[in-house]
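Subject: Structure handover

Hello,

Here is the structure I promised to pass on. Please open it alongside this note. My findings follow below.

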Amino acid sequence: MTHNSARSWVIIGATGRLGRSLTAEVARRVSPEQVLAVARHAPQAGMLPCPFAQADAADAHALQPLVAGAQVVLHCCGLDPARAEALTAAAAAAHRWPTLVVASSIAARRPADWSLAEDAATPLPDDAFGLDLGRANQLVAAQWQGPLHIALLPQLVTPGDPRDRLAEWLARARQGQARLAGTGRQHPALLLATDAAQLLADLAGRQESTGTTQLANPRQESALDLAEALLEGAGLAGLAMATGSQDRALAGGDELLNLAKMKALWPNRRWPSLRDQLRAAAAAWPDC
């Protein structure tokens, strides 16, 4: 397979939940022929609107020719230290450093630090998952020699995907098990995958580095408000909800984020309320 190195967008992890939305968004903005979707496993027929290359994100040798022909690389398959090492090694071997956008997670920071600015000097998390994320982000930030954008994402909502955590919660709600963790007054940090894809594609168009940016819908609402919107959209309005359980569909902690940098990067973006977005999303999960 050949592709034009002067205008190629390479999306690593293109068959995942975020990857599918991101691939569709980028293919919509440019011609599908300019986009190369990459994943470890081949996609189902018709899943992707662009050419596909099979490669493991932890295999530097396999990534090298893909990076060599890229103008932009979007990495959305989870950046652990091994994948960070492979990606930077592939770019070094190819002598090419395209714009890189990494879809990471707010788990790369300690929850106590989520309300701080992204560039605040804070220690790494103390859990294994967060430590891996944090170390991978630090590694790629230290070694990548081109424009770099690391996006810290909260829980993503993928309407229509029955594996979505909120779809699974709605499935239990249909059985009369509408339970929320915590008090219900917390503000879960959520973002629709389609919104995340738009923001990541926007970042890819910035040739200057902006470092690390936390992304989320800035119009956060309480867990109870969001759960009620989900139930309304699913035709379950009025179902009683219990709080304090271990159900994690809407997390138990207060996840308010410092989104000052995001608002500065997108000062004119119009954000629909999360409540409206989740009400509409619930209608896309008819079989829950």
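A word first on what you have: this is a predicted model.

Start with helix α1, residues 17–29. It lies across five strands: β1 (9–12), β2 (35–39), β4, β5 and β6 (148–153). Relative to β1, helix α1 runs at about 170 degrees.

Next, the sheet itself. It is open and has seven strands. Their order is β3-β2-β1-β4-β5-β6-β10, and the pairing is parallel. Two strands sit at the edges: β3 (52–54) and β10 (211–214). Each of these pairs on one side only. On average, neighbouring strands in this sheet are turned by 20 degrees against each other, direction ignored.

Now look at β2. Is this strand enclosed or open to the outside? Five of its five residues are buried, so β2 is largely enclosed by the rest of the structure. A residue counts as buried when its relative accessible area is under 20%. Both faces of β2 are covered. V35, A37 and A39 are buried on one side, and L36 and V38 are buried on the other.

Four bridges join β1 to β2, and the two strands run parallel. Here L36 in β2 is the bridge partner of V10. Between these strands the chain passes through α1, and this β-α-β crossover is right-handed. Three bridges join β2 to β3, again with the strands running parallel. In that pair, V38 has A53 of β3 as its bridge partner.

Further along the sheet, β4 (residues 72–75) is joined to β5 (residues 99–105) by four bridges. These two strands run parallel. V72 stands opposite T99 in β5.

Last, a pair of helices. Helix α7 covers residues 223–233, and helix α9 covers residues 274–282. How do they pack? Their angle is about 30 degrees, and their axes are 7 Å apart. The crossing of α7 and α9 is right-handed.

Which residues meet there? From α7 come D225, L226, E228, A229, L230, E232 and G233. From α9 come L274, R275, L278, R279 and A282. By class, the contact of α7 with α9 has six nonpolar, one polar and five charged residues.

Then follow the chain from β1 through α1 to β2.

Best wishes

How values were computed:
Residues numbered from 1 in each chain as written. Predicted model: local features only at pLDDT ≥ 70, side-chain atom pairs only at ≥ 80, totals over all residues. Heavy atoms only, no water. Pairing = 2+ DSSP bridges. Axes fitted to C-alpha atoms, helices over the stretch in contact; angles between N-to-C directions. Contact = heavy atoms within 4.5 Å. Left-handed = near helix turned anticlockwise from the far one by under 90°. Nonpolar A, V, L, I, M, F, W, Y, C, P; charged D, E, K, R; others polar. Buried < 20%, exposed > 50% of the residue type's maximum accessible area, 1.4 Å probe, protein only. Right-handed = clockwise from strand over helix to strand, strands pointing away.
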